[in-house]
Amino acid sequence: MPKTALQFHHNGREVALFVDGGVNLLVALREIIGDMTPKFGCGQGGCGACSVLIDGELHLSCLTLAETAAGRAVETLDGLKDGPNLHPLQRAFMEHFAAQCGYCTPGMLMAAKALLDRNPTPSRDEVVEAISGNICRCTGYEPIINAVLAAAAGGRARA
Amino acid sequence: MTVTVKTFATSGEAAAALSSDRSARYLGGGTLVMRALNEGDISVSTVVRATDQALARIEVTNLRVTIGAGVTFARILAERDLGFLHAPARSIGGPAVRNMGTVGGNLFAPSPFGDFTVALLALDATIAMQGGLGTRDLPIEEFLQSRDRQNGALVLAISCQRPASADAFRYRKVARIKPKGGSVITLAAHLPVSSGRISGARIALGSMAATQIRARAAERALEGRSLDSSAISAAAAAIAEGTSPTDSALASAWYRREVAGVHLRRLLSGQE
Amino acid sequence: MLELRKDIFADERDDNLKEVGKGTQRQDMLGHVTGTSTYFDDHKLQGMLHLKVLRSAHAHARLRRIDTTEAERSPGVRRIIRGSDVPRNLNTLLSLINFGKDDEPTLAVDKVRYKGEPIVAVVADSPREAYEAIAKLRVDYEPLPTVFDVEEALKPGAPVVNETYPKNTFTYHDIYDHQKLRFGDVDRALAEADHVLDQRYQMAPIEHAPTETNGSIAAPDTNGRYVVYTSTQALFFSLDTCAKILDVPSNTFHFIGGTVGGGFGGKVDTLTEPLSILGAMLTGRPVRYVFGREEEMQYGPPRGAERIYIQDGVMRDGRIVARKVRAYFDSGAYTRLSSYAVVKCAAHLPGPYAIPNVYGDIYCVFTNRTPATAMRGFGVTAMDFAIECQMDKLAHIVGMDPMEFRILNAYRDGDMKAHRREAKNTALIECVQVAAEKAKWPLREEFKRMSSLEGGGGIRAAIPLTPREPSTPRAAASQQRTSYDRAPAASSHEPPAPPPAPPPPPRPPAPSHGATRFSSVFGNRRR
């Protein structure tokens, strides 16, 4: 089977790998690099569980052909912590009970990060819009929205 | 047979690769082709890409805009001159889908998707295509009618007129889930006004037939009239004429027909 | 936000407990927010193969021939699995507790009974190669007549969906074709009621739509054992089911699960584990079988649809005197857990209300639909929907406030329930009172003062005289049409005006008859 060589930045670290033709970025991250934080939920762009940032923009890794990530910066939940220190979003999710089964959480956190990186003081409507591509089936959106707003408010307080 | 990815520097080479291989599909933003591969569609065994920057261009003049097929909805939303297209662009997917999905791909999105194309149909867009034999321009209606046979050609760009005023172009996507959801029905209306009368009305509908279609009876009801309540009522009464919606998990065909007039009335009268 | 109403039943609770009643952090929360919680699919195993199944294109068909020749030669294929490769290719989930007959194959052999039923499994090096091999499988179908409607399925001459149950109904206690509840003389009470309300309710199947699809990974372990990472919601239940189907002792397996990406009842059916383990047994390699999203939505088991007929008798003063229910649970082509849903439904009748005459006939029916399964309160939820719609309509008919109407009819401590158990720890009255308060819904003072602790028991604790019926099971429902069958299937949503139409009082006087009964103080405090 012909393989394609591919290099990109994964959470700040350069990675080099070989992928089969047609493999998506989600499979490359999970099965080749071993970063299990992005999840498979639908393969169709309907659920957002596989959300990652590519060059700072929110993307669905299951709909991204792996080789189109060549030379770009891919961020996943695995890189959200700063060493042992949780990101404010992670702390807020913990404090606000914003995860139940936890399966949508990696995608939710990346969607929330994409928002706060661009807009540190979002309104509630902006938070709703920012996570509108991410489906949660058990926590409910209210605690998640509250957590994102709390993380944003916390960031402001520190600034 | 596994999947082979072919990446070309020019759209011409990509178009040639597409036209010579029936199992080839052009990869734009990935929301259609990667989805097909993920669901096990083995009819796709070649994925064709082009890095041609021409596919990502946006050109705006006083009267017309030209948008490369590879332009994403997020880029349209970032472009102030394309304000009239912001509502349709914003109505598609969540932020990730808008960062990925392209104008060219939307032309191929099956019902109930393809909302942006509804707007383009109302705006009488022209599709610039490159086939094995060269480039040609195709009116969007002709393109949509022959869409199933267009896989061997590459869409390069779309162009359309700029509405004369904010009022002249209206768009509405009706979904059950807010802010994001598949379309129950999508409506777009381009209503140029000349000396107080509508002239050259175009109304387009999504999710009301196998492809996006024009509501010609409703257009006729508005033609030559001012946009008053009696004209709006006449258009609303005629909106479902010639449509052939189907039942889906989002709405039944019956429901779609029933509410089409209600939503056209709201669109034309400026109600929320 | 959550609010604990500690003023209600305060004397029954100890508020000085260390954990109960106190907020605490979930132990898995840190894993969730760092993405380190391990789901079944979060395992990267050396040499892992991928399993996909060919699903039936027909809802009901005989399988004349299955040709795997071309698929066997397809690149990347490691093994084709057919029904004959499955050691015990017939099972029913609740056979583990001796409930029901084996009725469902892991892979269809002679017949398919719903669209999407698995027929052949392909184990290949990659998902793509498995899909390509599946396209090369040839199945010769002989389509059979189908039945998709629960009442059609019970008519004489209806297509037999599942030969294990030739009458298209689950068999209880080896002889009964439905669950029966009899309490008091419902027909006499209906005849004497001031108003009778006959209604039909039809539910749709509901997909759980978990964000993580059903799936499992099975891998050979040391000493002939297999380790199985699974999305199951019922780890030991799934383990024992696999041991039965694969005909090995249950200690052959080491199941690892518990961290599930949403289940809601849709991950108890052990749909993927038997085949992924069998694949691992036959190839000696780790095998992964995960549903795609379309598979999950289309062929994953839903909450079954139910059709419910309710006939209620109510007096002008608001007391419900009779409730007669006939309900059909659409089990789809196989039993799974619907037989149990029906038992739960019968036990739940007539809802949380004190009704002296109750009658229920509840059927578990087989059709050519996707097999149904558990989902959050299944057996009770849809019936409650029907009952509560009925309660609103009854309140409207007698001109009572719907909240007060519920308080009036709510069961209280000491009441005898229709399944002949005393009601204890009842709290519906208090729930309605608090709901009304939160919704700023005006309740009259006497209804605000009512309590679950008072007015129950006494005469309400008695088991009413219940007419005997022939003990032989009756024929299918089609042969026992009762009078309310005359209600048109698509009857209007408005309650039919009962003759003679009562003048609807805008605000009825305090229910005289009911108030007398309900203010009785025979209730015994037994909690």
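Residues are numbered from 1 along each chain as its sequence is written, and chains are lettered from A, ligands numbered from 1, in the order in which they are written. In this predicted model local features need pLDDT of at least 70 and side-chain atom pairs count only at pLDDT 80 or more, while totals for chains, interfaces and linings use all residues.

**Exercise 1. Describe the fold content and dimensions of chain A.**

Step 1. Helices (H or I, at least four residues) and strands (E, at least two) are DSSP runs numbered from the N terminus. Chain A has five helices and five strands, in the order β-β-α-β-β-β-α-α-α-α from the N terminus on.

Step 2. The radius of gyration is taken over C-alpha atoms, and the globule rule is 2.2 Å times the number of residues to the power 0.38. For 159 residues a compact globule would have a radius near 15 Å, and the 16 Å of chain A agrees with this. The C-alpha atoms of chain A fill a box of roughly 50 × 30 × 25 Å along the principal axes.

Step 3. A residue is buried if 20 or more other C-beta atoms lie within 10 Å of its own, exposed if 12 or fewer, and partly exposed in between, with C-beta atoms placed from the backbone. By this criterion 55% of the 159 residues of chain A count as buried.

**Exercise 2. Describe chain B in the corresponding terms.**

Step 1. Chain B contains eleven helices and 14 strands. Its radius of gyration is 19 Å, close to the 19 Å that the globule rule gives for 272 residues, so chain B is as compact as a globular protein of that length.

Step 2. The C-alpha trace of chain B spans about 60 × 40 × 30 Å along its principal axes, and 48% of its 272 residues count as buried.

**Exercise 3. Determine which elements of chain B supply its contact with chain A.**

Step 1. Two residues are in contact if their C-beta atoms, placed from the backbone, lie within 7 Å. The contact takes 22 residues from chain B and 28 residues from chain A.

Step 2. On the chain B side, strand E1 (4–8), helix H2 (33–38) and helix H5 (95–100) each supply at least two residues. The largest share, five residues, comes from H5(B).

Step 3. Ala, Val, Leu, Ile, Met, Phe, Trp, Tyr, Cys and Pro count as nonpolar, Asp, Glu, Lys and Arg as charged, and the others, Gly among them, as polar. The chain B side then divides into eleven nonpolar, eight polar and three charged residues.

**Exercise 4. Identify the residues through which H6(C) and H7(C) meet.**

Step 1. From H6(C), Ser238(C), Cys242(C), Ile245(C) and Leu246(C) meet Glu273(C), Pro274(C), Ile277(C) and Leu278(C) in H7(C).

Step 2. The residues of this contact divide into six nonpolar, one polar and one charged.
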